[in-house]
Structures are given as C-alpha cells and as structure tokens.
There are 2 protein chains.
Amino acid sequence: MVNMVVDKDSPLVEWLGATSLFAGVEGEHLWGLSGIAMVVSCKRRANIFSEGDPGNGFYLVKEGRVKVFMLSPDGKEQILHVIEPGESFGEVAVFAGQSFPAHAVALENCRLVFLPREDFVALVSGNPALALNLLAALSQRLRQFAKMIDALSLKEVPGRLAAHLLYLGEKQAAGNRLHLELSKTQLASLLGTIPETLSRILSRLQRDGFISIEGAEITVIDQQKLAELAEIGKF
Amino acid sequence: MVNMVVDKDSPLVEWLGATSLFAGVEGEHLWGLSGIAMVVSCKRRANIFSEGDPGNGFYLVKEGRVKVFMLSPDGKEQILHVIEPGESFGEVAVFAGQSFPAHAVALENCRLVFLPREDFVALVSGNPALALNLLAALSQRLRQFAKMIDALSLKEVPGRLAAHLLYLGEKQAAGNRLHLELSKTQLASLLGTIPETLSRILSRLQRDGFISIEGAEITVIDQQKLAELAEIGKF
DNA sequence: GAATATCTTTGACTTAAGTCAACAAGCCTG
DNA sequence: CAGGCTTGTTGACTTAAGTCAAAGATATTC
C-alpha cells in the first residue's frame, strides 16, 4: 500500500451499488459501506500488497486493472486473476483473518476503493443479504480457481491458450476479432507458462490456420478447431 | 447421489456445533440446521455428485473421507481436495447458484450430512454469524487453492511432494514417522502427476537420503533438505 | 484362501515445455 | 528523434515428466 493517495470522492454510493459484490444491497447499507470506504489512487506497477502482508482490508477496482499473482523464490510469477473495474480483491484475507496469500500490483494507473476489515465485518454482521452476496462472489472465484487447477494439471499450453481465446471471444463479443487485453508476457504468466512458449504456440496456431495474429489483435479463423483444442487439452 | 441410504440420527446438533463450519454458532441455530439436515450413508467408491449436477445442497462428512476432483476427457483426474470428518464440500454450488464444478466420490464407506440448498440459504439469511463462518471457510479454501495453483505452475513434482510430506508431518505430529493417508495413485492425482512419476521420485528421495519408505509409512530423515526442496521447488 | 482385481514399481522411449542466448521491435522519456 | 529499456520472436539445446509395457506386490471378494 505504498505510493497511494487518498482522494475525497462523493458519489460512491451509486457506484458501489453497481459492483457485482454489492449489487442488490439496499441503499441504507450502501451508505454504510461508503461511510467506511476510502478511495485511493495508485500508479501503474505500484505494489498494492504483498504475500504475507496483514490483511486489514480489501479493495474494489474503480478504474484501471490489477493483477493478483503468486511469486516463486526465483521470481517467476503465476497470475491468479486480473481484476477489472467493478471487481474486488483481497477479501480472502479479511474473512480468513490472515495475511494476504498473494501479491497485488496495478497493471495500469488505478483508482481503488479500500474497505477496512473491522468496519466491514461489522457491517456484514448486521446484514445477511450482504453476506450472501459475498458468499456468491467467493464461490464464483473458487469455481474459477478450480477450473484453473484443472487446466494447469490436465491441459497442455495450447489447450489453455485456446480456452483463453474462446473466453475472450465471448467476453468481447466482437465478431471473430479479439484483443488480448494483456501483454504477451503477462498472458503467459496467466496461462502458467513463459513468453517463449506462448510465442511459439501462437505462431503454431496461426500456421495451422486456427487464428491470425496482428500484434495483440487476434482473428479467430477456425473456432471449431479452437474449441476442440480447449476441450481435449492436447494438440 | 446414487446408492445412498437416509438414516435417522438424533444427536446431530452436538456434532454440527463441533464442525469447523458451524463452530461458534448458537444452539438455537444449530437446531435449525439439524432440522433441515439429512444423514446419508454411502459406500466406498460411490459417486456422490458429478460435475454439472445441479447443486441443490451440500455435504458435511461425518465418517469416512471423500475426494473432490476434476476429470479430463481422457479420464485423468486431478484431486482438488480430500474431505475429512468434520469438513464440508459442495458449498460452492449452493452459493454460486450453479451446478457442481467438480466430481465427488467416497474414498471409504461414509456417513454424510446433507443440507438442502433452499432451507440452508434461508437459515443463513437470518443469521449473520453463520454467514461469517461460511465466509471464513470459503476464504480458507480459496487460500488452499491459490497455494495449489502456485505449486502446480511454479514447482516441480519433487517440490510438491516434499511440501506434502512436510504438511503430513505437521498434521500427524508423530515424530519423524508419517503415514500417507492415500494410496500412491491417489496421492499422485492430488499432486497433479501420475503414479509412475511419483514412484520414481519417492525412490529418488529415499536414495538421496531424504526419507525412508516402508509401504505407506515414510520416515523423514532430513527435514531440512525436504524443506529446501519444498521451498525452491526444484531438485 | 484361491482367484481376481487393483496398485506399485521399473525400464525404455517420447515429447512438451523450459533454459539460454541472440536479435528484432516497440515504446517511452529525456 | 535518438538512445535505452522493456517486450516479443526465433533457434539450439536440455530436461522433467508423460506414455507404453511388463512384471511384482497387495488387496478384495466370493
């Protein structure tokens, strides 16, 4: 939480109500939330928290994106999650009552909403609907993690990449054309591999006529084949 | 949920209060829980649920153990979690409001407590303390999954095995001697590898004087070296 | 307790993916 | 816009770990 600046911000309530975490929470409680929230800014590449830091609160992303990742002793990283505006991170430490299990770094200049643990837990204690929202959110994340474990252990890199491309396709819903929202190095880290391997596999997919590449713009040529690859996990 | 028999069981309340999920929940609410609970028995190898099944409730393990796992199209499995007595599984589907994301099979003859979704959600809605317990439990699991992803992508099999042996050592707290609670095939699946590889690595660790093996009984000879291996992740 | 099924180990082989190194492109930043 | 830093690509090489196959060792079950 270094290099952050606290902002004064007013129409938070509305925004909070639009996040998936707090969707459906009544106005009264939203006010409570906004009362304990702090808006902070942080720059691209700024460290938000590190593994082992005391988890005295969690964050919502207002603007920008954040990567949450594990780091091996020799510096290789595995991205667990890329947090987009409206999403949250760090809740785990709040409810497990422990330190953060991973690192968080801003991918871009960000504006974050910080919710301090004690205050937040107090609010949740008085509001079961809020608690149910949180349970749903954590469950959703657990489900994603399970998929990730599945992919890492059961699928080869081409399979994981294919699955990711299909996911982006759905998310962006822009014809056959899609944009890899991350640098290829970061994407490699998200897929649990290294840039060299990713690069080779992308060219292979292009050579074999599955996709066509222009920088970070990918055109899906054979969605069918891509889907098979994602399904069976092997080339 | 095939091949299960519903039992009538009375002193459930006490037992529920002793599970980690419901520890600290007041008697009143425990009665509520026991009111909606169904005790079921299932035999070793019985399928409890499969990926995609509608998640209309979740389970606590009363006796026996259950494995939760993902399955690749060609039948390879990755164990996500081995559930021991007093622990729960399947909650994710309840709160995400979706189908089960994984398979669950009894490792031994089991006695399970089933909590139907609708009734359970109703109870949680009226009891924030219960909700906080659940949030803590899910957070805990999320943390474990994060560790697992970390291990799968950042550590080689010897490192994962070493970490597991150290974990067992702590859990069993029985001098240097420990018991691998799973068949080696199952352990391989938990570590994200295959029996052949596990077998080779176990002999290697023995040959190099890290451990000594008698069937499923392992004696840790050089805990220091094992710890290094688990830390750096490479041989 | 014999018969069968399941688990474990070992060997020879293949292969996906990591490492190291060099170079080419971008892209900030001054 | 020029230099330097980060990012991406390609090639040659190494290696961890998977596959296939066969034999031994345990368990289960009838």
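## Basis of the model

Residues are numbered from 1 along each chain as its sequence is written, chains are lettered from A and ligands numbered from 1 in the order in which they are written, and side-chain values use heavy atoms, with hydrogens and water left out. In this predicted model, local features need pLDDT of at least 70, side-chain atom pairs count only at pLDDT 80 or more, and totals for chains, interfaces and linings use all residues.

## DNA strand C

DNA strand C is surrounded by 18 residues. A residue is near a strand if one of its heavy atoms lies within 4 Å of it. The closest are A:Val157, A:Thr193, A:Thr197, B:Lys184 and B:Thr185. Of the atoms of DNA strand C that come within 4 Å of the protein, sugar and phosphate account for 68%.

Some polar contacts follow (a pair of N or O atoms within 3.5 Å; within protein, one must be able to donate a hydrogen and the other to accept it, and residues adjacent in sequence count only if both atoms are side-chain atoms). The side chain of A:Thr193 places an N or O atom 2.5 Å from a phosphate oxygen of DNA strand C. B:Ser199 has a polar side-chain atom 3.2 Å from a sugar or linking oxygen of DNA strand C. Two or more residues each come from α6 (157-172) and α8 (195-207) of chain A, and from α7 (184-191) and α8 (195-207) of chain B. Helices (H or I, at least four residues) and strands (E, at least two) are DSSP runs, numbered from the N terminus. α8(B) gives the largest share, four residues. The surface near DNA strand C has eight charged, seven polar and three nonpolar residues. Here Ala, Val, Leu, Ile, Met, Phe, Trp, Tyr, Cys and Pro count as nonpolar, Asp, Glu, Lys and Arg as charged, and the others, Gly among them, as polar.

## DNA strand D

DNA strand D also has 18 residues around it. The closest are A:Lys184, A:Thr185, B:Val157, B:Thr193 and B:Thr197. Sugar or phosphate supplies 68% of the atoms of DNA strand D within 4 Å of the protein, and bases supply the rest.

A polar side-chain atom of A:Thr185 lies 2.3 Å from a phosphate oxygen of DNA strand D. For B:Val157, a backbone N or O atom is 2.7 Å from a phosphate oxygen. The elements that give two or more residues are α7 (184-190) and α8 of chain A, with α6 and α8 of chain B. The largest share, four residues, comes from α8(A). By class, this surface has nine charged, six polar and three nonpolar residues.

## Helix α7 of chain B

α7(B) is largely enclosed by the rest of the structure, because six of its eight residues are buried. Buried means under 20% relative accessible area, exposed over 50%, and partly exposed in between (1.4 Å probe, protein chains only). The buried residues are B:Gln186, B:Leu187, B:Ala188, B:Ser189, B:Leu190 and B:Leu191.

Their cover includes β5 (66-71), β6 (77-83), α5 (128-154), α6 (157-172) and α8 of chain B. Contact means heavy atoms within 4.5 Å. Just after the helix, B:Gly192 takes a positive phi of about 75 degrees.

## A sheet in chain A

Three strands of chain A form an open antiparallel sheet, in the order β10-β12-β11. The edge strands, β10 (177-179) and β11 (211-214), each pair on one side only. Two strands pair if DSSP finds at least two bridges between them. From one strand to the next, the twist averages 25 degrees.

β10(A) and β12 (residues 217-220) of chain A are antiparallel and joined by three bridges. A:Arg177 stands opposite A:Thr219 in β12(A). α6(A) lies across β10 and β11 of chain A, at about 100 degrees to β10(A). α8(A) packs on the sheet and touches β11 and β12 of chain A, with its direction at about 125 degrees to that of β11(A). Axes are lines fitted to C-alpha atoms, for helices over the stretch in contact, and angles run from 0 to 180 degrees between N-to-C directions.

## Two residues that touch the other chain

B:Ser125 sits in helix α4 (residues 117-125) of chain B. B:Ser125 is partly exposed, with a relative accessible area of 31%. Beyond its neighbours within four places in sequence, B:Ser125 is in contact with A:Pro128 and A:Leu132. A polar atom of its side chain is 2.7 Å from the backbone oxygen of B:Val121.

A:Glu91 belongs to helix α3 (residues 91-96) of chain A. A:Glu91 counts as buried, at 0% relative accessibility. Not counting residues up to four places away in sequence, A:Glu91 touches A:Phe58, A:Leu138, A:Arg141 and B:Ser139.
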